[in-house]
Amino acid sequence: MRVWEALEIPGSAMDYHFVLQHAVSQLWADRRSDPDALELLEVFALLDLKLMEAAPQAVSFDSTDGEPSFVRVSSVPQLIELLEREGALVEALGLARRLARFEQGEDLVEQLSEKVAALASEADLEDGPA
């Protein structure tokens, strides 16, 4: 995969976002045949989120009312789904909250918040008086 090379050449923040997003998509598709795919998926999705936070213009454009509109991002939700499947709900929730800044993932925040609260409640019951 030539992602690192693509990130080294001059380009815009949006160019880099799409390179990373495409890499995440490809790694997800290759996950069964490439055991290292999920590790790289996490690296590239987190890098994409950091890029979005540092340069929101990477995933936005000006709408007719002058307010920025955000493009639909698939890399970070893919990582959130992976983390949720692995049971890393708190980490998935943290990423969903960061993604919500870009007007997406609010439903994930709600769903994951409920799951984290349910697990915390269950843990409290298990740790309660004996």
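In the predicted model described here, Trp4, Leu40, Val43 and Leu47 together form a nonpolar patch on the surface, with about 320 Å² of accessible area. Patches are made of residues with over 30% relative accessible area and no salt bridge, like charges being joined within 9 Å and nonpolar side chains (Val, Leu, Ile, Met, Phe, Trp, Tyr) within 5 Å. Accessible areas come from the Shrake-Rupley method with a 1.4 Å probe, and for residues only the protein chains shown count as cover. Helix H3 gives the most to this patch, with 3 residues, and Leu47 is found in that helix. Leu47 counts as partly exposed because its relative accessibility is 31%, where buried means under 20% relative accessible area, exposed means over 50%, and partly exposed lies in between (1.4 Å probe, protein chains only).

Residues are numbered from 1 along each chain as its sequence is written. Because this is a predicted model, local features need a pLDDT of at least 70 and side-chain atom pairs count only at pLDDT 80 or more, whereas totals for chains, interfaces and linings use all residues; side-chain values use heavy atoms, with hydrogens and water left out. The pLDDT, which is the predictor's confidence in each residue on a scale from 0 to 100, averages 90 over the protein chain, and 95% of the residues score at least 70. Confidence is lowest in strand E1 (residues 60-62), at a mean of 82, and highest in H5, at 96.

The secondary structure of the protein chain comes to 6 helices and 2 strands, where helices (H or I, at least four residues) and strands (E, at least two) are DSSP runs numbered from the N terminus. Along the sequence, these elements follow the pattern α-α-α-β-β-α-α-α. The C-alpha atoms fill a box of roughly 65 × 45 × 20 Å, taken along the principal axes. Of the 130 residues in the protein chain, 33% are buried, and the chain exposes about 8000 Å², of which carbon and sulfur atoms supply 53%. With contact taken as heavy atoms within 4.5 Å, residues 24 or more positions apart account for 54% of the contacts with a separation of 6 or more.

The interior was examined next. A nonpolar core is a set of buried Ala, Val, Leu, Ile, Met, Phe, Trp, Tyr and Cys residues joined through side-chain atoms within 4.5 Å. The largest such core holds 35 residues, among which Met52 and Ile80 touch the most other members. The elements that give two or more residues to this core are helix H2 (13-29), helix H3 (37-54), helix H4 (75-86), helix H5 (89-100) and helix H6 (106-127). When residues up to four places away in sequence are not counted, Ile80 touches Ala92, Leu95, Ala96, Leu99, Leu108 and Leu112. His17, in helix H2, counts as buried because its relative accessibility is 0%. Leaving aside neighbours within four places in sequence, His17 is in contact with Asp48, Leu51, Ala58, Val59, Val71 and Val73.

Charged side chains were considered as well. The structure holds 4 salt bridges, a salt bridge being a side-chain nitrogen of Lys or Arg within 4 Å of a carboxyl oxygen of Asp or Glu. In one of them, Glu53 pairs with Arg98, the closest N and O atoms being 2.8 Å apart. This pair links distant parts of the chain, with Glu53 in helix H3 and Arg98 in helix H5, 45 residues apart. Glu53 is partly exposed, with a relative accessible area of 26%, and Arg98 is likewise partly exposed, at 31%. In another, the side chains of Lys115 and Glu84 meet at 2.2 Å, N to O. That pair also links distant parts of the chain, Lys115 lying in helix H6 and Glu84 in helix H4, 31 residues apart. Lys115 counts as partly exposed at 38% relative accessibility, and Glu84 is partly exposed with a relative accessible area of 23%. A further salt bridge joins the side chains of Glu5 and Arg2 (3.4 Å, N to O); here Glu5 is partly exposed, at 44%, whereas Arg2 counts as exposed, at 62%.

Glu103 has a phi near 60°, a positive value in a residue other than glycine. Most residues other than glycine have a negative phi. Glu103 is placed in the loop between H5 and H6, and it counts as exposed because its relative accessibility is 51%.
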